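Subject: Structure handover and findings

Dear colleague,

I am passing on the structure we discussed, together with some notes on what was found in it. Please read the notes with the model open beside them.

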Amino acid sequence: MSAADSAVLRRRLPRTDDGYAGHHSLQTRPQARHPYLRLASRPLPSVPLSARGERRLQQGAGPDLPRRGKATCHVRLSPLSAQVRRAIRDYNGRGKPVAGVIVEPIQAEGGDHHASGDFFRKLQAITKEEGCALLLDEVQTGCGATGRMWAHEHWNLPEAPDIVTFSKKMLTGGYFYRDEFRPTELYRIFNTWLGDPSRLQMLEATMNIIREDRLLDLVNAVGPKLQKGLFELTQRHPKVYNNARGVGTFCAINAANNELRDKIVDAAKNLGLEIGSCGPLTLRFRPALIFEEKHAQVALDILDETAKQFA
């Protein structure tokens, strides 16, 4: 991407207060600097590596990564978050310093596993305490599926995460991050064509439609109804379905076993419903942002009819 393209991107994706287009709405402190959208293909300025960085490159470890100073953790940790801290310290103690923690807001491919906002707030506190970065993979959860532009906005984090990645519905791949994590080495991150301005035009149009048609409001209206309908399916067909869950329309329900799950996918498709699967048991919902209550009812009716075939 040229410097001119980069300037256009900054103009077209301004720092606004509505949580869209590169602005992180969780950064509300007056002294905070809001990160704007940066594509992974943006060429970066050349800064010589330190001697230590050159040694690490020769050893195959890459140049020094930005590391924040350590902070003191004043939160009471749960057993799971305490386990995370022990793992970080174990790696650090073995001479393998942890540069960052990468996590999905909802572990999607593994079976739509959710964690609480409390867990993620404690996770952020741990990464600050241990001096490593917190990177959130919003490739699946980003762009409104949970009812917020970014799923991590549901957690009430005390400050923005260090790095957030996105793709899929955003029509291009990229990330935004805090200023302290900007690489300093030339072409530390780049690709063959150094950007794709046409994708930025498409992304701009997409963001405008989300705003103008108030599609996040639609997700927040339809999501609870879809979740309620899935829960009711588990009540009517407990031998077929269980563990209904979701945020917005980013929803899932489990089948009783793997073989049954795969049969449900095929049977539902024959009745007109394309539904995905993930993990060993899960049926997952990833509808478009224009998904309305009438569409949810069609999907629920088909899953109800499908369950009757296997009751």
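In which loop is Lys-168 found? Lys-168 is in the loop between S6 and strand S7 (174-177), where helices (H or I, at least four residues) and strands (E, at least two) are DSSP runs numbered from the N terminus.

Before going further, please note that this is a predicted model, in which local features need pLDDT of at least 70 and side-chain atom pairs count only at pLDDT 80 or more, while totals for chains, interfaces and linings use all residues. Residues are numbered from 1 along each chain as its sequence is written, and side-chain values use heavy atoms, with hydrogens and water left out.

Overall, the secondary structure of the protein comes to eight helices and eleven strands. Of its 311 residues, 45% count as buried, where buried means under 20% relative accessible area, exposed over 50% and partly exposed in between, with a 1.4 Å probe and protein chains only. Among the contacts with a separation of 6 or more, 68% join residues 24 or more positions apart, contact meaning heavy atoms within 4.5 Å.

Two residues deserve a check of their backbone angles. Most residues other than glycine have a negative phi. Lys-168, however, has a phi near 50°, a positive value, and counts as exposed at 52% relative accessibility. Asp-112 likewise has a positive phi, near 55°, but this residue, in the loop between strand S3 (106-107) and strand S4 (113-114), is buried, with a relative accessible area of 1%.

The loop between S5 and S6 holds Thr-146, which counts as buried because its relative accessibility is 2%. Not counting residues up to four places away in sequence, Thr-146 touches Thr-141, Ala-151, His-154, Val-219, Asn-220, Val-247, Gly-248 and Phe-250.

Leaving aside neighbours within four places in sequence, Leu-123 is in contact with Val-84, Val-101, Val-103 and Leu-134.

Finally, the axes of helix H7 (residues 258-270) and helix H8 (residues 293-310) come within 10 Å and cross at roughly 125°, the axes being lines fitted to C-alpha atoms over the stretch in contact, with angles from 0 to 180 degrees between N-to-C directions. H7 is therefore oblique to H8, since angles under 35 degrees count as roughly parallel, over 145 as roughly antiparallel, 65 to 115 as roughly perpendicular and the rest as oblique. In this contact, Leu-260, Lys-263, Ile-264, Ala-267 and Ala-268 of H7 meet Ile-302, Leu-303, Thr-306, Gln-309 and Phe-310 of H8.

Best regards
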